[in-house]
Amino acid sequence: MGLLAHLSQILAGLALACFGGVTLWLLTRPRARMAALMPSFGWLVAAAAAMGLWCASAYVFGPGSSEALVGRALRNIAVLGWLGATFWNARAPMSRPLRLILRLLVTLSLVALLFGGTVWLRQGGLSTDWAGPGLAMVAMIVASGGLLLVDSGVRHASAGLRTPLLAVAGGFAMLWAYELNIQLLGALTGSSATTLILLTPAVALLTAPTFVVAAMDVGRERMQLSRTAATRTLLLIGGAGYLVLIGLVGAVARMSGGNYGELAQGLSLVVALGAGGALFVSGRARAWLSVMISKHFFEHRYDYRAEWMRFTATLAREGDGAENGGGDLYRRVAKALAELTGSPDALLMLPDAQGDYRVADRWHWEAGIDAGAALSLRSAFMLQETGHIVDLDAARRGARDGSETLAIPDWLVADLRAWVIVPVLHFQRMIAVVVLHRPPVSRALDWEDLDVLRIAGRQAASYLAESQSQVALSEAKRFDEFNRRFAFIMHDIKNLASQLALLARNAERHADNPAFRADMVETLKLSAGRLSDLLARLSPRERGRAADAEKVLVEPLLDAIAVQMRPRRALSIGCEAGLAAWADAASVRQIVEHLATNAIDASPADAPVQLIAAREGGRVRIDVLDQGMGMTREFIRDELFKPFVSTKESGFGLGAFEALQLSQALGGAIDVASEPGKGSRFTLWLPAAGERGAAGAGDWMKVA
């Protein structure tokens, strides 16, 4: 013990030197600057000086002496003065009960200081036998009241103070709690806790840095524990308190005599196992504990940052499967809103064709909802106009909170599982309605619940609105594709109509010619087949042309086009024997027909139009040549392949555009070479298929 006493004296000397230096340093600080940093700089200097005087008494007489208790009374007066001046002011005054407590503590400390000082001056010392217990009792009362003032002050004004000032208050609270623990142990055991008393200067030494940091321009940023960390800290403190309680019960059992120690241990074990088992097994018990902690230890019920991150992650999660609500947006919305309030289940209702809202999806909600259950159109209108979140328990009690005007359906009122109705609004339009299940620990809704559900409902509405917009956009794309196909088909029908009109005019002059009649029948068959193909292209189940790619012989295809165009113009066909392309035959024919028709329209009546096909560089090249008026480079670059741009009076402006789209879908391209007055050459490039066949010189060119 002698070594520990020597160490205690060294620590007291260090604390004396430290607080003396801190006091001198504080006196050198600019007063104007300190007034801007803290509301009570003078009291902080006084508290540092009083701490130094107390450490001096502990250094000279010992930490447990009566003289040190008198020094502690002086220190407590300065600390209480700093607390009152720092955490309360004229704009935020101290409550009357706290003011009475502060005055009582200051009075007791002042009486102890005057009494001890007077006796020490007259007698040259203080008797530990008769003066010590009284001074110790005063110190214990002041420590208890001081902890109460620190707690009230920090909760009252912590939002407007810098963190270092709160750290100073925390240091005083630590010192008082340490001294109170010493007094309680002495009262319980009947003997002083000598070891703890001798280590008191070490605790005082730990508070010295907080004075320095408080006088520096730091700590404007507030540090706060997350709700999870704070909850775990509270649980750890509760566990530590339980252990302390066990120790006190054991000490009392030993002091009272008899064999009560084993009984106390058994009862403690039963309580611990029972509480732990209830929390582990019962979800209701865990929910109750969570509600109690949130209600009594936190300013707000919700940890908004954590809840919003979880809410957003739930809405954005995809592909998690139906069992946890991640596979469908409606279910994810119901889950996200339910998790905010701790509801185990939720229903999501959507409007039907008549405007009634019916259950569209559910999250963990068991069966029992009638298939005809719905929210009427009248109720939907009222919810949409008011945005009212309905507390069904209040509606069942008949409370006049506005819910009686919403015409809540009887099936929701009768189902006691239903707890809250949340309208999901997007720009004053109600997209959905979510019904939340009653949580395991039922409670009344407050303003914080209503605000969170209202904001979360709007956020969820944006996701639902985006999803509905995607569906509408998909439908619009299908209509656009239909209209696009119809526009192309109208262009092809116009070409067929022109051919049939020409055939009808020729029939009037050559109807008696057997060769003409045979050719007319063949042309009509081809036109009927083309019309059937055009109607088939309107089907939404038609596959893309690229999906039907196969080996296509080019020469027969060109011959068929020449036969079809014969009523209008004889085409010159040139093709390598055996030339084949990898493409869709109908698409290639449609492209070449467009190009040939345009070439015929652009050429004089007696000018030839040529179709020449060859293989070049591993690709098939089909040239359509005419001797028409030609085109400028600017027209080719800026207008030729644009839809609805045509140089013909009755043209749709879709032929060249459709030909380019089809060629690109086949993995090909169209190249154009033209000059005004010199005609044009359109070149269709396609992927080649098969090996190049031998071509005789005599087979290169022929006229159809």
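A: Start with contact: it means heavy atoms within 4.5 Å. Leaving aside neighbours within four places in sequence, Pro201 is in contact with Ser8, Leu11, Ala12, Ala15 and Pro63. This is a predicted model, where local features need pLDDT of at least 70, side-chain atom pairs count only at pLDDT 80 or more, and totals for chains, interfaces and linings use all residues. Residues are numbered from 1 along each chain as its sequence is written, and side-chain values use heavy atoms, with hydrogens and water left out.

Q: How far apart are Pro201 and Ser8 in sequence and in space?
A: They are 193 residues apart in sequence and 6.7 Å apart in space, C-alpha to C-alpha.

Q: In which helix is Pro201 found?
A: Helices (H or I, at least four residues) and strands (E, at least two) are DSSP runs, numbered from the N terminus. Pro201 is found in helix 9, residues 200-214.

Q: Is Pro201 buried or exposed?
A: Buried means under 20% relative accessible area, exposed over 50%, and partly exposed in between, with a 1.4 Å probe and protein chains only. Pro201 has 4%, so it is buried.

Q: What about Thr23?
A: Thr23 is in helix 1, residues 2-27. Its relative accessible area is 12%, so Thr23 is buried. Beyond neighbours within four places in sequence, Thr23 is in contact with Val45, Ala48 and Ala49.

Q: And which residues does Asp393 touch?
A: Not counting residues up to four places away in sequence, Asp393 touches Trp419, Arg438 and Ser442. Asp393 lies in helix 16, residues 392-397. Asp393 counts as buried because its relative accessibility is 16%.

Q: How is a pair of aromatic rings described?
A: By the distance of the centres and the angle of the planes. Rings of Phe, Tyr and Trp (its six-membered ring) pair if their centres lie within 6.5 Å; planes under 30 degrees apart count as stacked, over 60 as edge-to-face and the rest as tilted. By this rule the count here is 6 aromatic pairs. Take Trp82 and Phe87: their ring centres are 5.9 Å apart and their planes stand at 85°, so the pair is edge-to-face. Both Trp82 and Phe87 are buried.

Q: Why is the pair of Trp82 and Phe172 edge-to-face?
A: Because the planes of Trp82 and Phe172 are at 80°, with the centres 5.6 Å apart. This pair links distant parts of the chain: Trp82 is in helix 4 (residues 66-87), Phe172 is in helix 7 (residues 163-189), and they are 90 residues apart. Phe172 counts as buried, at 3% relative accessibility. One aromatic cluster is formed by Phe19, Trp82, Phe87, Trp88, Phe172 and Phe211.

Q: How do helix 13 and helix 14 run relative to each other?
A: Axes are lines fitted to C-alpha atoms, for helices over the stretch in contact, and angles run from 0 to 180 degrees between N-to-C directions. Under 35 degrees counts as roughly parallel, over 145 as roughly antiparallel, 65 to 115 as roughly perpendicular and the rest as oblique. The axes of helix 13 (residues 304-316) and helix 14 (residues 329-341) come within 8 Å and cross at roughly 165°. The two helices are therefore roughly antiparallel.

Q: Where is Gln428?
A: Gln428 is in the loop between strand 5 (418-426) and strand 6 (429-437). Gln428 has a positive phi of about 65°, although it is not a glycine. At 61% relative accessibility, Gln428 counts as exposed.
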